[in-house]
Amino acid sequence: MIPQALIRNFPYLLRGAEITLLLSAASVALSTIVGMIVALLHVFGVAPIRIAVEIYLYLVRGVPLLILLFAMYYVLPYTGIDLDPLTGGILVIGVYYGAFMSQVFRAAILSLPQSQWDAARSLGMRRLLMLQIVVFPQAFRIAAPPFVNTCMMLIKSTSLVSIIGLWELTMAGREAVERSLAPFQIFAGVALIYFCMCYSLAWYGRYLEKRMQYVH
Amino acid sequence: MPFDLNFVIRNLPIFGNGLVVTVELSLLAIFFAMVWGLVVAFGRIARSRLPRTLASAYIELVRDTPVLVQMYFIYFGFAMAGFGLSGFMSGLLALSLQNGGYVAEIYRAGIESISVRQIEGGKALGMSPWDVMSLVVLPQALVRVIPPLANQLIVLIKDTSLVSAIAVADLTQTGKLLTERTAASYEVFLTVAVFYLAMTGIVSGLSRLAERQFAIYH
């Protein structure tokens, strides 16, 4: 049995996949920046800042991404800010996943043994220098595998923006289904494309993890 | 923007209808995911190769594709094939299958974290393999997996919001329809968010309670 509907629509799906990749890359970049800032504030900030960070993390942990996307879509226009779905999607996903990224970075920073901090301080390093040449290089290596894992979750979550009307892979799949009336084939194809993106990342994450074991 | 509390109170029955659907879906999906996850986990640690390969392939497959696409696959696919499932059933199936894969990996990590000496001790007492598993390994493993399991269940509860995309009148869909009818988007989404926060809060609270309750092995 040859999946003809899928073959016919595959180029169309690939164009959707392009948007998904673009959206994912931009969201990963934003969430990494947000995550790093939040992690530093969480670890080094004064009490009120730490509390603010905790609240942000609590909200993201407890509220579905879809609700925030709907809020962006339905509520923001009333405040006079009208974002196009792509910018809005990147913004919401970036800020949402920034919370997960911050947890990854924070755990990595906190996992450094106390002796590293003590040694750096006893060499007379200022905090900024200490972060720059002692903490970050080691923390990044520790954070790499869970970072890749979070990227994978983010890619899967980009499928939600199709619900608020952004044309990407999942939406392209729905349109292809409406035309071809072959939902099993088309959605299997869509799933396959997502699988290729996520599985390659998962594989890379496992490789990083294995490489780290040799270091220690 | 002033918050119109009266609007929320007036529409509480409408929110309630959606909330009931979301809670029902969450509880059923949690139950099936936890049971199915155990089956997959046993496949993953089985001695023979076939169930191990099948379980690994299954876990990769469900974890590396978006749950929304899985829902569409089930909802539109079965409808076209002639035995359509309702949106609720499709959502329940997709959520149970995907989270079953995640939960299986959590169980496996828990089971493998139990020391070999525990198993040897059980065998030395003349227990059958089944008794070793059910009386020695699983009770200890289940206590250890409470925190990651609770995390996953929170993700599951949040993911139930996706069934609004396949025409289920859950909390999210109710909020969306209410917004479109009344234009009180600010109030609606804040209320919906609070309901979700309450549900996920209950799960994390219960998990902390359970952790303290069962922490007798340490």
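How many salt bridges are counted between chain A and chain B? The count is one salt bridge, a term that requires a side-chain nitrogen of Lys or Arg within 4 Å of a carboxyl oxygen of Asp or Glu. This is a predicted model, in which local features need pLDDT of at least 70 and side-chain atom pairs count only at pLDDT 80 or more, while totals for chains, interfaces and linings use all residues. Residues are numbered from 1 along each chain as its sequence is written, chains are lettered from A and ligands numbered from 1 in the order in which they are written, and side-chain values use heavy atoms, with hydrogens and water left out.

**Interface**
- Chain A brings 38 residues into contact with 39 residues of chain B, where contact means heavy atoms within 4.5 Å.
- About 3400 Å² is buried between chain A and chain B, with carbon and sulfur atoms giving 74%; buried area is the accessible area (1.4 Å probe) that two parts lose on being put together, summed over both.

**Salt bridge**
- The side chains of Arg206(A) and Glu60(B) form a salt bridge at 3.3 Å, N to O.

**Helix pair**
- α3(A) packs against helix α9 (residues 171-182) of chain B at an angle of about 5 degrees, with the axes 11 Å apart; helices here are DSSP runs (H or I, at least four residues), numbered from the N terminus.
- α3(A) and α9(B) are therefore roughly parallel to each other, as angles under 35 degrees count as such.
- Leu66(A), Ile67(A), Phe70(A) and Tyr74(A) of α3(A) make this contact with Thr172(B), Lys176(B), Thr179(B) and Glu180(B) of α9(B).

Definitions and conventions. Axes fitted to C-alpha atoms, helices over the stretch in contact; angles between N-to-C directions. Helix = DSSP H or I, 4+ residues; strand = E, 2+ residues; numbered from the N terminus. Parallel < 35°, antiparallel > 145°, perpendicular 65-115°, else oblique.
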